Amino acid sequence: MDYQFKDIEKKWQRFWAENETFKAENNSSKPKYYVLDMFPYPSGAGLHVGHPLGYIASDIFARYKRLKGFNVLHPMGYDSFGLPAEQYAIQTGQHPAITTETNISTYRRQLDQLGFSFDWSREVRTSSPDYYKWTQWIFMQLFDSWYNNQTDKAEPIDSLVRHFEQNGSAGVNAVCDDDVLSFSAEEWKTLSYRDQQTELLKYRLTYLRESTVNWCAALGTVLANDEVKDGFSERGGFPVEQKKMMQWSMRITAYAGRLLSGLDTIDWPEPLKEMQRNWIGKSVGALVKFRMSDFQFRNSEKSDAEIPTSEIIEVFTTRVDTIFGATFLVLAPEHELVPSLTTAEQKKVIERYIAQSKKKSELERMADAKTVSGAFTGSYAINPLNDEKIPVWIADYVLAGYGTGAVMAVPSGDQRDYLFAKHYDLPIVPIIDIQNIEKEADPTKEGRYINSGFINGMNYKEATTALIAKLEEMGAGKAKINYRMRDAIFGRQRYWGEPVPVYFKDGLPYLIDEQELPLILPEVDKYLPTESGEPPLARAKGWGYHLASGKARGSAKVSPPIGGGDLEGAEPVVYEYELSTMPGWAGSSWYWYRYMDADNDDAFASKEAIDYWKDVDLYIGGSEHATGHLLYSRFWNKFLKDMNLAPEEEPFKKLINQGMIQGRSNLVYRLIDDLGRGTNTFVSHAFRNQYQTSPLHVDVNIVENDILDIKKFKEWRPEFENAEFILENGKYVCGFEVEKMSKRYYNVVNPDDIANRYGADTLRMYEMFLGPLEQSKPWNTNGIEGVFKFLRKFWKLFHDDKLNFSVVDAEPTKQELKSLHKIIRKVEEDIERFSFNTSVSSFMIAVNELTDLKCNNRAILTDLVVVLSPYAPHICEELWTMLGHQAGTLSYVPYPKFNPEYLVEDEFAYPISVNGKTRMNLNIPLNFEPSAVEAFVLGNADVQKYIDHKAPKKVIVVKGRIVNIVI
């Protein structure tokens, strides 16, 4: 029987599904190993050949680990909330759930077709109520928690309330808002319930506040920074502007230090870790207060908290040593003090500049270092150390969310400040004796200070210490560690997302009762915002929180319940739910735990399951998630650990970023006429430079080995029906480019087509063969034939010339054992270091060697099937049963043990030369001395033919190297 891959692959895919071959157990005597892929968003387009790259690599590793005796958890699910389904709903009226279900069916069919060893019994979907119930539950735990800096962990909000009741705010060291109150225990107790809840909201790990957000009017929602590219939404390319809105936020900044230090404990690619370090952006410096009036710090009896904010501009600086060189202040355009600082004369200029800055995203503002722009507010601030008056400007290179949203500009030491000062003719004061500032700023820390008051003559370390001590003595500043990272916006003004389990009373948020989870998405008539601009959930009829009996949950037990006591028998009270939904990253920030115990109705996963699986041993996914999903997941995991709900500080021990499979686009060359217009004539690649032509992308699926199928081209698009061609050797040869695989370039290759033509095993091995897993590489269908031929050759090892199954039970030869054990060692080493491409090459060499040896030895071929099975599971399962083994056992047999003895060379193929010309090779035992080698060679009949049976004049033997016969 020939290699019938279609029948074989369907047979084993059906077998694996029916027998749940890859189902993992939550309790096993085997060591555990958790292999996870970043689960996909199920788009309408389905998979192209670039998408399975990481899945194939993880599947090879998962199958290999099973062979090595591990209890492997290798699950799959869907990150199924997302904008595309909602956009489609807006356009067509079809519910996003229907679109999502259809897309998931396509994905599942494609994934099954590729033979992945997923444990489908644990499938999760983030848009399923039984899943997002627990996303909502985790949100509630965050809402009910605060971050205690003294213990460096999150704690229940009730512990903070107890502290307030016993000690007031004294001694609280929390990550919180800047405007928290100072109060005694008695004062806390006299506050109304509403005022207490208002104050607690400033400490909660998820909270409401006015934030500057990326607002996309076309999409009707707020976007995260990583969803905005060059001022436009990544999805759809719509304009994005900066806007202030009341938003849910998560206090990820509380975990900044732990997120930073944790990077040193995990095996992740260094470039990705560096991206997170830069995003977190730790800076050690000082907070300095510049006064705006005659207010004097040193003469004030007010505490810091009592100083009117309108009189103070706070600045965070990492170079407090340069404070005497500060010649102006710069505020972010959206800084809260800008309106009060702007004089009547400057109002129009400031308003114009603010409107202009809203058109840029924060990323654009940070990246644009060359453009100089700003506007003077008309106000001045006072340097606290020398009482000098300096102007206050606004400029878009300062961000409201970083530091305090204000910087002290030192043009002698900072290039942006230098360019700004030059542009607006502001003073530039040198402050270090060796500074050279004729052409640019000089940020040196070397030398001694000048023009710097009491620190003149000091070095950097001395000056910094003295300045911070002075500022703290004056009450005008203090040492501070700052982080660039800001709290994460946690809300979208969209329909298709998790409802936030919160209702509002008197403008304050309260949690619904846990017994009411999940809070289900309601039906709406349209998926657009309302006519008054409210999110789509405002369209839901009768959707609100009904308090008919029991006690409303105010979260922390600080006073009587909202309703005033037991409400049983009272008229139902309906409160408005939160109308925003959770962001796209919510469901993906904990999903690996749900796989551990996917059917649990009582918890997001049982303690027993979490204690067994602990964390993900191997995680494979794209580096584009570095500052999104991968950061938020680490944040939520650390919180769950603080709550004793997870045992490990980090969720993913090892991470591999797979490279991108790029498209190999094909081009045709349209002839341009004398008037510069495109004609309907197309010039073959070799002649394109002989004419004026314009390249056009053509569907790669109507091109084979760069030869265009002219008939299919004419059918491809109506305007090409009557196309004419200038051919070379009777064929139209296309050009090609390597670029992103995209519908736009007509270079998308569907894995369905490849699997149908060559088989899934061929596709799996070819994707690995393309190059190192972490590197980007171009797809070229032209090269897949070689892998297909390899699998056919492998199949033929088990069959005779008439394609009948034929293996023998005989003692393996040394050469057969050598070939086998070379591949056993090579594949083991390659898989352990994720070098899958070199294994494929080695398989080809091994099969060639065994073919040359005419090997059909059962023992050799049995082990070879096991070694190849992680890469090409279908063909190996078929051959395994043909060798007489029970179906389904291949996945769990031990990986063959490498025996180094079989690779020890006891013979050497000596090149035999006659008068210096190599004639043949002879295998001669390595332990033969030169005299024995000479006798062995001269006794060979073929050698005697070459020397015409004459006695040689001389025989030169170089042991283990060469034999030369002189006649």
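1. How many of the 10 residues of helix α21 are buried? In this model, helix α21, which spans residues 760-769, is mostly covered, with 9 of its 10 residues buried, where buried means under 20% relative accessible area, exposed over 50% and partly exposed in between, using a 1.4 Å probe and protein chains only. Helices here are DSSP runs of H or I with at least four residues, numbered from the N terminus.

2. A word on the basis of these values: this is a predicted model, in which local features need pLDDT of at least 70 and side-chain atom pairs count only at pLDDT 80 or more, while totals for chains, interfaces and linings use all residues. Residues are numbered from 1 along each chain as its sequence is written, and side-chain values use heavy atoms, leaving out hydrogens and water.

3. Among the buried residues of α21 are Asp761, Arg764, Met765 and Glu767. Just after α21, Gly771 takes a positive phi of about 160 degrees.

4. Met765 is also one of the residues with the most contacts inside the largest nonpolar core, which has 185 residues, and Phe794 is another; such a core is a set of buried Ala, Val, Leu, Ile, Met, Phe, Trp, Tyr and Cys residues joined through side-chain atoms within 4.5 Å. A second, separate core of 48 residues includes Leu331 and Ile455.

5. Ile90 lies in helix α3, residues 83-92, and counts as partly exposed because its relative accessibility is 28%. Leaving out residues up to four places away in sequence, Ile90 touches Arg494, Tyr527 and Leu528, contact meaning heavy atoms within 4.5 Å.

Definitions and conventions
Helix = DSSP H or I, 4+ residues; strand = E, 2+ residues; numbered from the N terminus.
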